[in-house]
Amino acid sequence: MKVIETLIIGSGPAGYTAAIYAARADLKPIMYTGLEPGGQLTTTTEVDNFPGYPEGIDGPTMMIQLQQQAERFGTQVRIGHISKVEFASIKGGIHKAWVDDNTEIHAKTIIISTGATAKYLGIESEQRLRGGGVSACAVCDGFFYKGQDVAIVGGGDTAAEEATYLSNICNKVTMLVRKGKMRASKAMQHRVTKTKNIDLRYFSEIEEVLGEQVVEGLRIINNQSGKKDEIKITGLFIAIGHKPNTEIFKGQLEMDDGGYLITDSKNTKTNKPGVFASGDVQDKEYRQAVTAAGTGCMAALDAERYINSLKDN
Ligand code: NDP
């Protein structure tokens with residue numbers, strides 16, 4: 001079976017940037033897009049914070065352009081889902097991957113850019129209004145609610161950080177925490193509680209997101225007293241955690257407790273030689289398109305160096 005130089009799994013900003021660099025380095029990369037070609041950005045409307053787009057760009061268009069750029073240098077972009085992998089443990093070993101439990105691929109290097117998926121509450125009105133005022137990324141979408149009243153759900157570091165971020169842009173931020181305490185670090189909690197325009201509500205859960213086409217408000221229930229309340233908001237931010245897409249790597253690659261892949265602190269190497277990870281699948285802290293793209297570039301450079309080092313032996 002033919003052994004390719006580089007297989008890229010996943011087609012978000014990390015995967016496409018890795019593809020651009022790998023293709024230009026003549027690694028003839030083959031990319032499998034996964035079940036959501038283009039990744040999380042295809043569910044966003046406007047991307048205003050990626051450098052180089054002074055007028056902003058909508059997420060799906062940006063991903064199409066990234067694909068075209070990767071293909072211009074010879075990346076083969078294939079629609080398909082890698083369902084199983086078998087990584088070699090020794091340097092120079094051949095890594096195996098299967099597409100949709102079927103086609104087998106052999107590669108010298110593999111770049112994993114499978115991303116992470118934001119968790120949602122799962123209630124019908126929240127799902128219906130995704131893209132109509134419900135977002136899972138305050139840094140991406142907060143700006144659209146400048147001067148308005150918004151709400152955020154969650155009590156972890158992400159929710160605390162995003163509530164603080166939103167408080168600088170929005171008129172008022174209602175923060176809904178389902179327990180009587182927050183999971184966020186003490187420092188982050190302190191930042192939230194001392195911010196005047198954050199209305200922190202414990203024991204609070206959303207019963208319904210109000211609005212037909214766009215978010216107009218929330219019906220909240222206090223899960224201790226059963227008391228219900230309605231508030232008017234235009235934006236709802238869900239910050240209840242992310243799930244890295246690492247199911248198929250379990251037992252083969254080192255992960256942290258949350259399932260994020262562990263890479264060397266200064267590069268994208270995993271614990272298997274020739275297997276690299278970039279983007280949100282190994283980053284629970286920054287999670288931005290531009291940081292994902294940066295690590296995608298690093299992964300391709302790391303893959304190229306690894307392949308060159310095999311030739312030296
Ligand atoms: P976490 O898992 O830490 O917190 C999730 C929060 O969402 C919890 O408060 C949880 O509540 C709540 N939650 C979960 N499901 C629901 C639900 N269905 N309804 C309402 N609330 C819900 O996720 P984060 O994204 O905040 O953080 C992930 C990791 O990244 C953490 O280790 C964090 O420390 C780290 N991080 C670090 C940052 C930094 O250092 N600057 C910034 C951001 C993240 P409950 O407590 O009741 O389960």
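This is a predicted model: local features need pLDDT of at least 70, side-chain atom pairs count only at pLDDT 80 or more; totals for chains, interfaces and linings use all residues.
At 47% relative accessibility, Lys 284 counts as partly exposed, a value that falls between the 20% and 50% limits used to separate buried from exposed residues.

**Salt bridges**

The partner of Lys 284 is Asp 256, with which Lys 284 forms a salt bridge whose closest N and O atoms are 3.1 Å apart. Asp 256 belongs to the loop between strand S18 (242-244) and strand S19 (275-277), whereas Lys 284 belongs to the loop between S19 and helix H7 (289-312), so the bridge ties together parts that are 28 residues apart in sequence. Asp 256 is itself partly exposed, with a relative accessible area of 23%.

This pair is one of 14 salt bridges in the structure. Another joins Lys 108 to Glu 5, with the closest N and O atoms 2.9 Å apart. It links distant parts of the chain, since Lys 108 lies in strand S8 (residues 103-112) and Glu 5 in strand S1 (residues 3-9), 103 residues apart. The lysine of this pair, Lys 108, is partly exposed at a relative accessible area of 25%.

A further salt bridge connects Glu 207 with Lys 228, the closest N and O atoms being 3.1 Å apart. Here too distant parts of the chain are linked, with Glu 207 in strand S14 (residues 204-210) and Lys 228 in strand S16 (residues 228-232), 21 residues apart. Glu 207 has a relative accessible area of 31% and is therefore partly exposed, and Lys 228, with 47%, is likewise partly exposed. Both residues also take part in a network, in which salt bridges with shared partners join Glu 207, Glu 208, Arg 219, Lys 228 and Glu 230.

**The ligand and its shell**

| Residue | Ligand atom | Distance |
|---|---|---|
| Asp 157 | oxygen | 2.6 Å |
| Glu 161 | nitrogen | 3.0 Å |
| Arg 178 | oxygen | 2.9 Å |

Taken alone, the ligand exposes 930 Å², and the protein buries 74% of that area.

**A buried histidine**

His 95 is found in strand S7 (residues 95-99). At 0% relative accessibility, this histidine counts as buried, because the limit for a buried residue is under 20%. The side chain of His 95 reaches the backbone nitrogen of Ala 88 at a distance of 3.0 Å. When neighbours within four places in sequence are left aside, the contacts of His 95 include Glu 86, Phe 87 and Ala 88, a run from Ile 105 through His 106, Ala 107, Lys 108 and Thr 109 to Ile 110, and also Pro 273, Gly 274 and Val 275. Among these contacts, Lys 108 is the residue that forms the salt bridge with Glu 5 described above, and in contrast to the buried His 95, Lys 108 is partly exposed.

Technical notes. Residues are numbered from 1 along each chain as its sequence is written. Side-chain values use heavy atoms; hydrogens and water are left out. A salt bridge is a side-chain nitrogen of Lys or Arg within 4 Å of a carboxyl oxygen of Asp or Glu. Helices (H or I, at least four residues) and strands (E, at least two) are DSSP runs, numbered from the N terminus. Buried means under 20% relative accessible area, exposed over 50%, partly exposed in between (1.4 Å probe, protein chains only). A polar contact is a pair of N or O atoms within 3.5 Å; within protein, one must be able to donate a hydrogen and the other to accept it, and residues adjacent in sequence count only if both atoms are side-chain atoms. Accessible areas come from the Shrake-Rupley method with a 1.4 Å probe; for residues, only the protein chains shown count as cover. Contact means heavy atoms within 4.5 Å.
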